[in-house]
Structures are given as C-alpha cells and as structure tokens.
Amino acid sequence: MIIEPNPSNWETWLQKWFLPLLIPAILVNAGGLLIPILEPDGSLYATIAKSIARTGDFVNLRVDGKDWLDKPHFPFWMAALSFRLLGVNAFAYKFPALLFWAAGGWYTWRLALSLYGKTVAQLSVLIYVSAAHLVISNNDVRAEPYLTGLIIGSVYHFYRASRTRPGIHLVAGSLLAGCACMTKGPFVLITIGAGFVLDWSSGKEWEQFRNPRWWIAIALTALFTLPEIYCLYLQFDLHPEKLVFGRTGVSGIRFFFWDSQFGRFFNTGPIKGSGDPFFYFHTVLWAFLPWSLLLYAAIVQKCRRRRAFPGDLLCLGAALASFIVFSLSRFQLPHYLNILFPFFSILTAAWLYSVRRRGSQQAIRIAQNAIAILLPILLLALCWLFHFNGWVSIMTAIGLLAIAPFLLFRRPPLPASIVHSFWMALLVFCFVNFILYPAILQYQAGTVAGHYLRDMPPPAQPVYLLQEAPVDYSFEFDCPHPVERIPIDSLATRLRQTGAAPQPALVFAPTSFADTLERHGYRATPLHSFPNFHISQLTGRFADYRTRTSVLTQWSLLRVRK
C-alpha cells in the first residue's frame, strides 16, 4: 500500500460497509433504465440508432432522411445493436450506456488500487457511483457514459503497460482509446495522454517518450479508429454533392479531425458557442455533488504538496489538462466534465484517506454534514412547490429517511460524515429517478403521444410531423408506427397516395397548427391533446404548481382531411 494508514479507521469501516453502500448506489443508477428518454438530445440520438437498427445501415447517420454530421458513430452502433437484441425501447437505448458507466467504475477501482491501495480504491468507487452528473447522465443518455468508461479504461491499461510487460494491456488501451475517438473525436487523446506526460516529465522518465511501445500504441489507436474514418468517407467525402451545413463539398473526415474539435475550441467550425472561462469552476460545484468541496480541497492540497504520491500526477494531469482545455473552449456544456469524474474520484479519495490533522477532519465533517442537511431541505421545498401526487406522504418519507443516517452512522466521526452525504445523495437520486422524472415526463408531449398510439390500430400511412412545426424527436422514437417529417404543402399528395378517394392522415403538431392547416385548405380534427414543456430546462414557473399551466403549450394528434 502506498499511503500509510491513518487513525480514522477507514479500513475496518469500509470492510464492513463498502458493499452495503455500493449495491444500492448501483441500483439507483440503474433506475434510469425504467424511465422514458428525455428531449432533445437523448431522443435525437435514440431516433438515429432506431433508424440504424431498422434499416441495417451502420454507415450513414441520418435525421429526418437527411445526412447528419455532428457526432461519431460508436454510441449509435452500441444502441442500435442493443435495439436489435432487446427491441426498440428506452431500456434498450440506455442499457449499453449503463454497462460502460459500470466499466468506468470497475476501471476506477483498478487504477486506484494500482496507484494507492485497496482502501482508496473503495472510497474512489463510492464517490464515483454517487457523483451527481454521472447519475443524471445514466438517465439522460448521450455519449458521456460511453466515453467515461472508455477513457478511464484506456488510462488504466496504458498505466499497466508502462509498469509491466505491455502485451495485452497495450492492445486493450489502444482499443479503448480508438473507441473513445469514435465516440467524441481525437480530442479525447488529451485526457488519456496528459497524465502520463506530466508523470513521466516530473519523474524524469525521458526514456518513456522514446519507448517503441508508445509508437505502437499510437498506430494501434489509429487502426482501431479506422471504422469511423471509413464511414465518414463513404457518407460524405465520396459524395461532395451532398448538402451539409447549408453547403456542398463538406468533408466528413476533416470535420472529424478539425471542425468538430478545434473548430468548436476556436469557434471557427459550423457549430459555434460562447464560452466562459469560469463556467466549469461553478459547474463542478453542483455536478460533482456531494463531493465537490472535497475535490477542490484535494486538488489545492495536491498542487501545493512538494512531494507527490505516485499516481497524483497521473490523475492530476488527466483532470487538469482537460479541465483547462474545456474552460478555454468557446463551446461548453456541463456534461463534458463527466469524463474527468473517475480521476476526480480517485484524487478526492486519496486526499480524504490521507487527512491526518484533527482540524482538517473536523472541517470535512462540518462541510459534508452541512451538505447532508441541505439536500433533504431542498427536496422538501421542491416536493411542496411541485405538489406531486401524494406529496404529503413523500415529504414524510423524505424527512424520516433524512434523519436515519445520523442515527445509524455515528462512529468513526470522519467516515460517518462521508456516509451521511453519500446517503443523502442516493436519497436525492431516488427522488429524481422515481418521483421527479416520472412526474415531469407527463409534460413531454411526444413521449405521451407515442405511447397513446400504441393502443390504436396502425394507420394506413405514416404519422406525419410538419417541417414548419418545432422538432419533436421523442415522438419519432416512441411512436410505434412509421413517422415522416414533411412540409404542409405536400400533405395533399400524401393524402392522394392512399387510394382513389383521399384518406385522412394523422399529424402530430402543436394544437395551434390546426388553424394553419385550415388556412391551407385542410380540415384538421383533434383526436387527443397533450400538454408540453421543455422539461430538460426546468423553470420556477413550471415547478410551481400554481403557475405551471401558464407555461405549458398544447400538442395534438390531428386527423387531417383535404
């Protein structure tokens, strides 16, 4: 073991409580499998994977029948294979992502075990499975769960390859690095490689930079990335006549290597943003709850320490180099940080385990117990404000469960304060997965309408979405029947295609579009209306049961005749 034991009885405490805490945390994370997919990005990606699974075309990524150039293929391939095995549903879309998240937890354990020993590895895993935005991302699935597991796995295998005979570790690290490139692009190599550069440079291990094994790793990573490059070549570079981003002659390979990476960083690509250099400093405060304060303390202390423990520089390099790049980028989103959470977890656990001074331990206890008290108070306030069904019973249960850890875990003081915040984090995530999301998803009209159509006989033609209306990918995914997006003017042609006498068509659109259709010479009869809100961006007016109806819009299934 690299870190000497401290007097806080971590080993004995974790030997007793590690698995009893880990298992419910895994179950809470898996709870997202039972929840419909959220708009907008999750539904968009699920719709693309659904198209791949049904057509068998694993080369071309399409949205609404048009070529789509934004994200690499790997997550869509995984979801499409899952659809073919488990059917097209939300569970099948989220399940492979959950497996990669679990692999991230396993590799966090393995890397921390190799660097610091068993106790720090156990603490690292408990922090990893209870970090707020990782739990959120297991529900609102995008590319990050895949990327999190692939990057930490690649770092682990490369670390093992650097300390032992490379063999299988070199191949495995390169394979995972290649898959990570096919998930987000070559920028991920910064996160994978930066820690090694810092560690080797600090230790004056210059021979590592000349070692042939790393040139072999680069070649293998490029080889494992070739499927992505080949697909981009077939879809875009081989067809310069295709209209992408409003112009022709767009190279998919150039987009992969430059526009989607450096183009977003310098804001010169087709997809632009407006970055704030301090955006991720305050994002970490909520995204890494309930461990964010400990993380800041750990990084400050490790940066100030003159003698670093083996492993500190590896994790610091991976985390800080990527954090700086993200902060300087002009395109920023909170979930970009997820790939750093395994390294954050290891750094936080290693520092927490090494704390000796009673004053520092007392500060940790005060901070974590304050978080443990604040979180259920916020839940109670939200519960009353939203007025969930049975909200009085829910508030009573929250109150009792919030008191329980303070009665059950009192000694040793430092581990007890950690389990208090861990318990409260799981309480929050249970509330989010099993109470909040089911309640707000009633206002995701596309999902509710898609489920409504499951009980209706299949129509003679596709269900139509209007190009003039806002996009609704949740309906495209959840609708059990074929869905097409068309302009209003082409409805007449579609109505005539069903036979000599025009037959009515089903259209899903905002209810206000019934008047628009009337003005175009159609008769639109509402079959059923669905309240709608952009639930991935909650507001106070929506959360407040007294003002919620004022911010809702209505969507309808319309039976349209000429």
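**Salt bridges, pockets and cavities of the predicted model**

E476 is buried, with a relative accessible area of 10%; here buried means under 20% relative accessible area, exposed over 50% and partly exposed in between, with a 1.4 Å probe and protein chains only. The structure is a predicted model, in which local features need pLDDT of at least 70 and side-chain atom pairs count only at pLDDT 80 or more, while totals for chains, interfaces and linings use all residues. Residues are numbered from 1 along each chain as its sequence is written, and side-chain values use heavy atoms, with hydrogens and water left out.

The pLDDT, which is the predictor's confidence in each residue on a scale from 0 to 100, has a mean of 88 over the protein. A value of 70 or more is reached by 94% of the residues. Over residues 1-7 the pLDDT stays under 50. For this segment the model has 27 contacts beyond four places in sequence, a contact being heavy atoms within 4.5 Å. Where pLDDT is low, the predicted coordinates should not be read in detail.

Side chains of opposite charge can pair when their charged atoms come close. A salt bridge is counted when a side-chain nitrogen of Lys or Arg lies within 4 Å of a carboxyl oxygen of Asp or Glu. The structure holds twelve of these. E476 takes part in one with R485, where the closest N and O atoms are 3.2 Å apart. R485 also meets the side chain of D64 in a salt bridge, at 3.0 Å from N to O. The pair R485 and D64 links distant parts of the chain, 421 residues apart: R485 is in strand β4 (residues 483-486), and D64 is in the loop between β1 (62-63) and β2 (66-67). Strands (E, at least two residues) and helices (H or I, at least four) are DSSP runs, numbered from the N terminus. R485 counts as buried at 14% relative accessibility, whereas D64 is partly exposed, with a relative accessible area of 29%.

A salt bridge also joins K184 and E144, with 3.4 Å between the closest N and O atoms. K184 belongs to helix α8 and E144 to helix α7, and this pair, 40 residues apart, likewise links distant parts of the chain. Both residues are buried. Elsewhere, salt bridges that share partners join D41, D140 and R142 into one network.

Rolling a probe the size of a water molecule over the atoms shows where empty space is left. On a 1 Å grid over the protein atoms alone, a cavity is a set of points where a 1.4 Å probe fits but cannot get out, and a pocket is an open set with protein on both sides within 12 Å along at least five of seven lines; lining residues have an atom within 4 Å of a point. Grid points are joined across faces, edges and corners, and a volume is the space filled by probe spheres set on the points.

The largest pocket has a volume of about 1,200 Å³. It is lined by 37 residues, of which H133, I136, W286, V432 and Y437 are the closest to its centre. At least two lining residues come from each of α6 (132-137), α7 (144-163), α18 (358-386) and α20 (413-440), and α20 gives the most, with eight residues. By class, this lining has 27 nonpolar, six polar and four charged residues; Ala, Val, Leu, Ile, Met, Phe, Trp, Tyr, Cys and Pro count as nonpolar, Asp, Glu, Lys and Arg as charged, and the others, Gly among them, as polar.

The second largest pocket holds about 550 Å³ of space. Of its 23 lining residues, F158, L189, W214, A217 and I218 are the closest to the centre. The largest share of this lining, nine residues, comes from α11. In this lining 19 residues are nonpolar and four polar, with no charged residues. T225 is found in helix α11 and is buried, with a relative accessible area of 6%. Beyond its neighbours within four places in sequence, T225 is in contact with G178, C181, M182 and F256.

Three cavities of 30 Å³ or more are counted. About 470 Å³ of space lies in the largest cavity. Its lining comprises 32 residues, and the closest to its centre are K184, F187, S260, Q261 and Y336. Helix α11 supplies the largest share of the lining of this cavity, four residues. The lining of the largest cavity has 18 nonpolar, eight polar and six charged residues.
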